[in-house]
Amino acid sequence: MVSHSGLIAVMQKAARKAAPRLRRDFGEVEQLQVSKKGPGDFVSMADKRAEQTLVEELRAARPDWGFLLEEGGAIEGNPAKPRFIIDPLDGTTNFLHGIPHFAISIAVEEKKPNGQPDITHALVYQPLTDETFWAEKGRGSWLHDRRLRVSARRYLDEALIGTGIPHLGRSDAAQWTRIYAAIAPEVAGIRRFGAASLDFAWVAAGRMDGFWEDDLDIWDSAAGILLVKEAGGFVSDFRGQDRMVERREYLAANGDLHSRLHKLVAGALRG
């Protein structure tokens with residue numbers, strides 16, 4: 001059985017502590033208090049309770065670390081220490097509609113010697129399937145104790161690709177339509193599941209061969225980026241550069257498919 005670091009154990013314990021209440025709330029979703037953050041963007045008491053539990057558990061283990069939270073914003077810690085980046089319920093819209101596809105996402109961000117941020121640990125936990133996807137920089141990506149590798153498919157006509165579709169208040173529908181029109185005729189299928197952290201995890205696990213989406217926040221993507229990279233995949237922005245978080249653009253796949261997909265995306269954006 002593979003041994004992970006104490007930090008991954010801390011993250012896993014926190015996610016498992018938050019999960020039972022999420023499962024219970026999911027079963028009684030019609031009773032949940034829900035408020036609107038913005039156009040097409042909702043937050044429920046389930047998000048807030050899960051976030052509170054995660055912060056309490058992680059703070060107990062790493063009291064001087066900071067946090068970047070989807071609901072609670074930034075909580076400053078010792079600037080010399082890492083910080084946790086947390087989405088307590090990725091896939092809130094699925095959750096509120098009774099669709100059993102959502103996850104807890106936790107990443108650890110450290111500072112490189114040059115001061116640049118670096119994601120070093122990642123965990124994506126699906127409470128309903130009890131799947132724990134985790135990664136440590138330089139130690140690979142794992143599902144429980146099974147090593148993950150991105151798909152070995154090389155050709156687009158064999159590939160199943162994930163995406164996120166623009167909706168009220170999010171993303172550029174015209175740009176997405178151009179990219180979709182370029183990719184769809186070339187691939188075996190396109191899927192939209194509604195939880196970006198799990199999309200990345202499924203690319204890392206080889207369940208999907210690639211994924212693209214834009215207008216994602218860092219708590220949606222931080223853990224997933226490391227999962228894909230440590231599983232042997234590539235993640236870039238739509239221009240093929242390493243400025244995903246800055247540009248809020250994400251293209252993930254194995255090496256062969258990433259190159260092919262990037263050509264299609266680049267062509268669509270020029271068109």
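This is a predicted model: local features need pLDDT of at least 70, side-chain atom pairs count only at pLDDT 80 or more; totals for chains, interfaces and linings use all residues.
L68 stands opposite I85 in strand 5. Residues are numbered from 1 along each chain as its sequence is written, and side-chain values use heavy atoms, with hydrogens and water left out.

A quick word on names: helices (H or I, at least four residues) and strands (E, at least two) are DSSP runs, numbered from the N terminus. Two strands pair if DSSP finds at least two bridges between them.

Let's stay with strand 5, residues 83-90. Strand 3 (residues 66-69) runs parallel to strand 5, and four bridges join the two. One of the pairs here is F67 with its bridge partner F84 in strand 5. Strand 5 also pairs with strand 6 (residues 103-111), this time in the antiparallel sense and over six bridges. Here D87 stands opposite S105 in strand 6. How much of strand 5 is buried? Seven of its eight residues are, so to speak, tucked away, where buried means under 20% relative accessible area, exposed means over 50%, and partly exposed is in between (1.4 Å probe, protein chains only).

Carry on to strand 7 (residues 117-126), which is mostly covered too, with nine of its ten residues buried. Eight bridges hold the antiparallel pairing of strand 6 and strand 7, and E109 has I119 in strand 7 as its bridge partner. These two strands form a hairpin with five residues between them, and in the turn G115 has a positive phi of about 90°. Then comes another hairpin: strand 7 and strand 8 have four residues between them, and D130 in the turn has a positive phi of about 60°. Strand 7 and strand 8 (residues 131-136) run antiparallel and are joined by six bridges. Q126 has its bridge partner, E131, in strand 8.

Now put the pieces together. Eight strands form an open sheet, in the order 4-3-5-6-7-8-9-10, with mixed pairing. Strand 4 (73-75) and strand 10 (146-147) each have a single partner strand, so they stand at the edges with one side left without a neighbour in the sheet.

What lies across this sheet? Helix 6 lies across strand 3, strand 5, strand 6, strand 7, strand 8, strand 9 (140-143) and strand 10, and it runs at about 95° to strand 7. For angles like this, axes are lines fitted to C-alpha atoms, for helices over the stretch in contact, and angles run from 0 to 180 degrees between N-to-C directions. Contact itself means heavy atoms within 4.5 Å.

Strand 14 and strand 15 (residues 249-253) run antiparallel, joined by three bridges, and F234 has A253 in strand 15 as its bridge partner.

How do helices sit against each other? Two packed helices are described by the angle between their axes and the distance between the axes. Helix 5 (residues 196-204) and helix 6 (residues 218-230) have axes that come within 8 Å and cross at roughly 0°. Helix 5 and helix 6 are therefore roughly parallel to each other; angles under 35 degrees count as roughly parallel, over 145 as roughly antiparallel, 65 to 115 as roughly perpendicular and the rest as oblique. Among the residues making the contact are F200 and V203 of helix 5 and I225 and L227 of helix 6.

Helix 4 (residues 173-183) and helix 8 (residues 255-270) give another pair, packing at an angle of about 135° with their axes 8 Å apart. That makes helix 4 oblique to helix 8. Their contact includes R178 and I179 of helix 4, along with L261 and L264 of helix 8.
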